[in-house]
Amino acid sequence: MALKHPTQTTERLEQREQQMRQAEELLGSLPQATGVAKGLFHGKFIHDWVFPYPSLSRQQNADVTAAVANLNQFCDQHLDPVQIDRNADIPRNVIDGLAELGLLGMTAPASFGGRGFSQKQYCRLLEVIGARCSSTSIFVNAHHSIGMRGLLLFGTDGQKRKWLPDLVHGKKLAAFALTEPEAGSDASNVQTTATPTPDGSHFVLNGQKRYITNGAIADVLTVMARTPVEGSDETAITAFLVTPDMPGFHVTEPRMEKLGIRGTATAKLAFDNLHVPRDNILGPLGKGLKVALTVLDFGRTTFGACCTGAAKTCLHLATEHARTRHQFGRSLAEFELVQQKLARMAAWTYAMEATTTVTAGLIDRGLEDYMLETAMLKVWSTERLWTIVNDAFQIYGGAAYFTDQPLERMLRDHRINQIGEGANEVLMSFIALTGMRGPGMKMKEVNDAIKHPIGGFATVGHFGIDAVRLRMRAPAVPVRSPELRPAARRLGKQIKRLGTTVQWTLVHHREEILDRQLVLERIAWIAMELYATASSLSRLDSELVNGDRSHTATANYFIADSLRRVDRCFRNLRDNDDERLLAAARER
């Protein structure tokens, strides 16, 4: 094997140090209190945040049921996804109609004209849109879930009074401007600058943004830019509220031509000495990364709802076609390979809905940190939906390839899901590294304590006790239905196994783990499957306790299949062809 040149080695070390600084900037902005997902990496299960299955109050359920009925009626009469796709535009009457239904401000407080819906309620509505038209669901998501979300969460009273009423009622539209030529999934690499004027009254923005949904039609944009840190040469990301009437705001390409989600107005923007008042800073100065990441959490949750709606549509189309299409003297639904696809589609759809509901429930509880869960939901849902769309396409056969069938459009629309709001490869590394950060910090404390045995005796002792408990006892999974206890015990054992595996991985790879993406991918998939399994088990437990057995076979299949996938990931951590794979890649 050829030796690396000293210059290459130095550059690689410098690059790693930069990556570690960026990771600390990213992860350091998160609260370190445990949660459902973080607990999994410790081999623990914070069960009371998953069990019992999150539900709505009687009034909430009545409100959302009525809202869903009104939305379905409106969509039946006015929403034409084929026309939206062909014309590459969502008609203004559709936007106005959605605004009249309150969909563009459902979670905003009533004091600003919103309905004050919970995240679980809102996800029910986004599922309706996601089942019909991806362009429209992404438009709504860009406006409400990420475009105006920063204002709702971080805005001052004055900022909210100024902009929220018009945004809630759809008189104005919102957008979220993060992505740049050098910054996409790498949110901390924003290059747009914001320099304070000498008198400090304004910031002067210069830079470019691209792939901004609603960018050319928005009246208020949350823009991320780098501001100087006082007393140092460093910069930090700050969020600004920008309006297109500010001199220096340029739409360089209003509607970028796209493969799918053609109805969305995806724009390129440029800022040329754009003066933004200091009063338009959103959140604390230099804390824009936290604003951005928090906003994306909400977008990823509704991403799960939209994917659930699309998955249900695919399952319905595939099931009806399989029942009515006959080949070789039998319906397609009678062939086992078709049944395999239908069962898998149904199982993943069930789990997708359950995981979305549990994740939305974490937000509704008022928890401070749910970033890991929303990232898991986004990656797992979009990966599974892509296979669901492909399976439905395969069952339809050649008919699906033609534009008079909806699956052709859905195939084009849903490929972006694995890229948008964080590429899945990046998010999988993020999931694994964020999850392992807590155990890693604990092990570092122990390592430091060993060097000072007198003062660090208690730290080492507590770690030893926890390590023994982790290996001796699996966490409890509190199902109420007796028939689910075997699955609950198996889930608990796999959670314990993840905890011990994380410790082994950290000891084995140490700081090199930052570069071991094949390892991180497997750790992430284990955690995602365990989270989806726990959510599905909670849902099934609730259904059985209430006498509902309509999804029992589907849910049981998902739980068994998901835990089997976890087993494979564990085996592949030690028995794999990673070195051969990397050697083959180096030949390219």
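This is a predicted model: local features need pLDDT of at least 70, side-chain atom pairs count only at pLDDT 80 or more; totals for chains, interfaces and linings use all residues.
Q: What span does helix α6 reach from its first C-alpha to its last?
A: Helix α6 covers residues 119-132, which gives it 14 residues. At 1.5 Å a residue, the expected span is 20 Å. The model comes close to that expectation, with a reach of 20 Å.

Q: How many of the residues of α6 are buried?
A: Buried here means under 20% relative accessible area. The residues of α6 that qualify include Q119, Y122, L125, L126 and I129. Their cover includes α3 (58-78), α5 (92-100), α7 (134-147), α8 (149-154), α10 (288-324) and α11 (336-364). Helix α6 is largely enclosed by the rest of the structure, because the buried count out of 14 is eleven.

Q: Is C133 buried or exposed?
A: You will find C133 in the loop between α6 and α7. The cut-off for a buried residue is under 20% relative accessible area. The relative accessibility of C133 is 2%, so this residue counts as buried.

Q: Which residues does H321 touch, not counting residues up to four places away in sequence?
A: H321 sits in helix α10. Its relative accessible area is 16%, so H321 is buried. Beyond four places in sequence, H321 touches L332, I395 and Y396.

Notes
Residues are numbered from 1 along each chain as its sequence is written. Side-chain values use heavy atoms; hydrogens and water are left out. Helices (H or I, at least four residues) and strands (E, at least two) are DSSP runs, numbered from the N terminus. The expected span of a helix is 1.5 Å times one less than its number of residues. Buried means under 20% relative accessible area, exposed over 50%, partly exposed in between (1.4 Å probe, protein chains only). Contact means heavy atoms within 4.5 Å.
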